[in-house]
Amino acid sequence: GVDFAYTIEQYAESKGITYLNGYELLSELNYDGNTDICDEYGHLNESGAQKLTYHLGEYLQKSLSSSK
């Protein structure tokens, strides 16, 4: 869970790699725990996956256009 994500984030930072933490994106995604998950572990269902995919696409477009 969160501890594992923190470890990954620290590793990525030490290597200069961008890391997107899904837990921190929940408010940006307009995440709804009643409609966007498919199990008790918080895995995204189709609705949640669509929100995350849209956000990731926006992030990549902004990142790639600013790196030119």
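Predicted model: local features only at pLDDT ≥ 70, side-chain atom pairs only at ≥ 80, totals over all residues.
Local features need pLDDT of at least 70 and side-chain atom pairs pLDDT 80 or more, while totals for chains, interfaces and linings use all residues. Residues are numbered from 1 along each chain as its sequence is written, and side-chain values use heavy atoms, with hydrogens and water left out.

**View 1. Overview of the protein chain.** The chain holds three helices and zero strands (DSSP runs: helices H or I, at least four residues; strands E, at least two; numbered from the N terminus). Its C-alpha atoms fill a box of roughly 40 × 30 × 15 Å along the principal axes. Of the 68 residues, 12% are buried (buried is under 20% relative accessible area, exposed over 50%, partly exposed in between; 1.4 Å probe, protein chains only).

**View 2. Asparagine 21 between helices H1 and H2.** Asparagine 21 sits in the loop between H1 (2-14) and H2 (22-25). The residue counts as buried because its relative accessibility is 10%. A polar atom of its side chain lies 2.9 Å from the backbone nitrogen of tyrosine 23. Leaving aside residues up to four places away in sequence, asparagine 21 touches Ala5 and Glu9 (contact: heavy atoms within 4.5 Å).

**View 3. The N-terminal end of helix H3.** Asparagine 45 caps this end, with a side-chain oxygen 3.0 Å from the backbone nitrogen of serine 47.

**View 4. Leucine 56.** Leucine 56 belongs to helix H3. With 38% relative accessibility, leucine 56 counts as partly exposed.

How values were computed. Polar contact = N/O pair within 3.5 Å; in protein donor to acceptor, adjacent residues only side chain to side chain.
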